[in-house]
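Please have the structure open beside you as you read.

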Amino acid sequence: MLDPIAFLPIDGPPPPLHDLSEGDGAQIDRAVLRVLVVDDEPLIAQTVAAILNAHGFDAMEALSGEDALRIARSFHPDIVLSDVLMPRMTGVDLGVRLRNEFPQTRVLLFSGQAATSELMRRAEEQGYHFELFPKPIHPDELIARLRGLR
């Protein structure tokens with residue numbers, strides 16, 4: 001059963017964890033991880049940031065790719081967790097721009113849309129690999145995965 005924001009399951013065990021230590025190989029050394037949550041749905045962005053803050057992360061939210069770039073320049077996130085399908089700038093396009101401007105920042109994407117695979121394929125053809133989380137994702141799984149990125 002999902003809650004009304006269609007992101008966070010409210011009962012049942014979380015799915016099995018997958019190792020996210022591969023990918024771009026960036027190491028995160030900060031004691032408190034800074035996470036920038038990007039979603040064009042304000043309730044999702046705010047809820048995920050609030051959950052992360054409640055579990056010891058330093059999280060902020062952005063409601064667009066453009067806002068995320070502006071915030072990243074002052075917030076210096078260790079991790080950017082972005083929805084893929086957003087107006088004006090997709091999460092994949094945001095990820096490419098972040099990788100070019102902030103090469104040490106880990107970019108993680110989440111989506112519940114089938115159209116995501118074409119965007120991900122095009123990014124990989126250009127040499128960009130982004131980890132993709134499914135939507136919905138259980139909060140416990142998200143927290144465990146983010147903590148596993150150290």
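The points below take up the sheet and then a pair of helices.

1. A word before we start: this is a predicted model, so please read the values below as computed from it.

2. Let us begin with the sheet. Strands of a sheet pair through backbone hydrogen bonds, either parallel or antiparallel. Here, 5 strands make up an open sheet, the pairing is parallel, and the order across it is S2-S1-S3-S4-S5.

3. Which strands stand at the edges? They are S2 (58-62) and S5 (131-134); each has a single partner strand, so one side of each is left without a neighbour in the sheet. On average, neighbouring strands of this sheet are turned by 25° against each other, direction ignored.

4. To find a spot to start from, take Val35, whose bridge partner in S3 is Ile79.

5. Now to the helices. Two packed helices are described by the angle between their axes and the distance between the axes. For H1 (residues 42-54) and H5 (residues 139-147), the axes come within 11 Å and cross at roughly 60°. That angle makes H1 oblique to H5, and their crossing is right-handed.

6. Which residues meet where H1 and H5 touch? From H1 come Val48, Ile51 and Leu52, and they meet Pro139, Leu142, Ile143 and Leu146 of H5. Sorted by class, this contact of H1 with H5 has 7 nonpolar residues, with no polar and no charged ones.

Definitions and conventions: Residues numbered from 1 in each chain as written. Predicted model: local features only at pLDDT ≥ 70, side-chain atom pairs only at ≥ 80, totals over all residues. Heavy atoms only, no water. Axes fitted to C-alpha atoms, helices over the stretch in contact; angles between N-to-C directions. Helix = DSSP H or I, 4+ residues; strand = E, 2+ residues; numbered from the N terminus. Parallel < 35°, antiparallel > 145°, perpendicular 65-115°, else oblique. Left-handed = near helix turned anticlockwise from the far one by under 90°. Contact = heavy atoms within 4.5 Å. Nonpolar A, V, L, I, M, F, W, Y, C, P; charged D, E, K, R; others polar. Pairing = 2+ DSSP bridges.
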